[in-house]
Amino acid sequence: MRAIVLVGGEGTRLRPLTWRTPKQLVPVVNRPLIEHLLSHLCRHGVRHVTLAMTQRGESIRTALGDGAALGVELDYAYEETPLGSGGAIARVGRGWRHRGTPASEPFLVLNGDILTDLDVGAMAAAHRARGAELSIGLVRVDDPSSFGVAVLQGAAAGGRPEGAAFIERFVEKPPAASAPSHWANAGIWIFEPALLDEMDADRFHRVEEELFPSLADAGRSLLGVVHGGYWRDVGTPSSYLGANLDLVSAGASGSGELRTDPGGGDRVLVGSGSQLGEGALVRGPAVLGPDCSVASGAVVTRSVLWEGVHVAEGARVAGSILASRVVVEPGASIDGAVIAHGARVPAGATVSPGTTIEPGATAPGPERSGGG
């Protein structure tokens, strides 16, 4: 089975982290986010992957090359103007036909900002067994208002954690109070190639808003495949932080040395070249990127530090994300903040929960610290 991975988004929800790093390259346990997804596809026998992307994504191509290091064969499809999920899928399908290799079997489509252990092979088997035209991976969420929501036929509409049932209604991002179910679109889909003939490659449109609801309303074979395992949409700073902490707690393979918190807590991933001063404390789960330094008396708790971050003597960092080359000066305190590339937190400053600091900026000093 071949796959299309949609990586054309600008990562607006992850700003300020994505001002200088494309969303798909933000580090998750010290490996680019997209590498986790591609490695997962490889483990499930998917070898040919097309990345549907914008010109801004050229750094992704530079990072991944032909995909051989990850066990997949990568090619790249570019959009001159944004086409949405529907236009991007249709454009890739048109490209297959122009190259004389039209899709002759079902193909997989995934959003490029998810982490999951969904069994792609089992989903494909359910798709074939039920004769579906299109299958949608589904996960149960507490608040479905940020997702497309599926109403499943029959008993599958209950709470069972696994299984497949046809979808009788699909609603994109309903208000929480009126959401017809808690089964959310997981951003993992299997298409029959004939559907490409129903999709416009020359205009912006989203399958979640047009194709999925229309197939459900017409009573066509739109299958929901429920996944009860791990899944995260890594689209916001809070979900990004949570994904890192989840994976390091589970002992997931990343880049660096996995250690146990000396205080008897959770695991800590320490990137190559990183140094902890005498009396420095890193409480897990936490991730230190390569070439970080945590000085004597400093404390880092449940946080993610990217490459080359320096936390000086007596500083405190909790529940925060610090991008590459951030400097935290002596005695500063950061709690629940997002600090972008190359920013500086002055000595003695207090950075409050919810604060974001732009790339290269300096946080307010002790006399005027606060949210931003």
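**Strand pairing and enclosed space in the predicted model**

Strand β27 (residues 338-339) runs parallel to β30, and 2 bridges join them. Ile339 has Ile357 of β30 as its bridge partner. Pairing here requires that DSSP find at least two bridges between two strands. Strands (E, at least two residues) and helices (H or I, at least four) are DSSP runs, numbered from the N terminus.

The structure is a predicted model, in which local features need pLDDT of at least 70 and side-chain atom pairs count only at pLDDT 80 or more, while totals for chains, interfaces and linings use all residues. Residues are numbered from 1 along each chain as its sequence is written, and side-chain values use heavy atoms, with hydrogens and water left out.

Strands β27 and β30 belong to an open sheet of 7 strands. Its order is β14-β15-β18-β21-β24-β27-β30, and the pairing is mixed. The edges are held by β14 (257-260) and β30 (356-357). Each has a single partner strand, so one side of each is left without a neighbour in the sheet.

Strand β11 was examined next. Of its 9 residues, 9 are buried (under 20% relative accessible area; exposed is over 50%, partly exposed in between; 1.4 Å probe, protein chains only). Strand β6 (residues 107-111) pairs with β11 through 4 bridges, in the antiparallel sense. Within this pair, Val109 stands opposite Trp189. Strand β8 (residues 134-140) is also antiparallel to β11, with 6 bridges. Here Leu134 has Phe191 of β11 as its bridge partner. Strand β9 (residues 148-152) is joined to β11 by 2 bridges, again antiparallel. Val149 faces Ala184 of β11 as its opposite residue.

A pocket is an open set of points with protein on both sides within 12 Å along at least five of seven lines. A cavity is a set where a 1.4 Å probe fits but cannot get out. Lining residues have an atom within 4 Å of a point. Points are joined across faces, edges and corners, and a volume is the space filled by probe spheres set on them.

The largest pocket has a volume of about 920 Å³. It is lined by 36 residues, of which Lys23, Asn111, Asp113, Arg206 and Glu208 are the closest to its centre. At least two lining residues come from each of β4 (48-54), α3 (84-98), β11 (183-191) and β13 (231-233). The lining holds 11 nonpolar, 15 polar and 10 charged residues. In this scheme Ala, Val, Leu, Ile, Met, Phe, Trp, Tyr, Cys and Pro are nonpolar, Asp, Glu, Lys and Arg are charged, and the others, Gly among them, are polar.

The second largest pocket contains about 310 Å³ of space. Among its 14 lining residues, His36, Arg43, Leu115, Thr116 and Leu247 are the closest to the centre. Both α1 (33-43) and β7 (114-116) supply at least two residues. The largest share, 5 residues, comes from α1. By class, the lining has 6 nonpolar, 5 polar and 3 charged residues.

The count of cavities of 30 Å³ or more is 2. The second largest cavity holds about 30 Å³. Its lining consists of Ala52, Met53, Ala77, Tyr78, Glu79, Leu83, Ala88, Arg91 and Val92. Two or more of these residues come from each of β4, β5 (73-79) and α3. The lining divides into 7 nonpolar, no polar and 2 charged residues.

Conventions. On a 1 Å grid over the protein atoms alone, a cavity is a set of points where a 1.4 Å probe fits but cannot get out, and a pocket is an open set with protein on both sides within 12 Å along at least five of seven lines; lining residues have an atom within 4 Å of a point.
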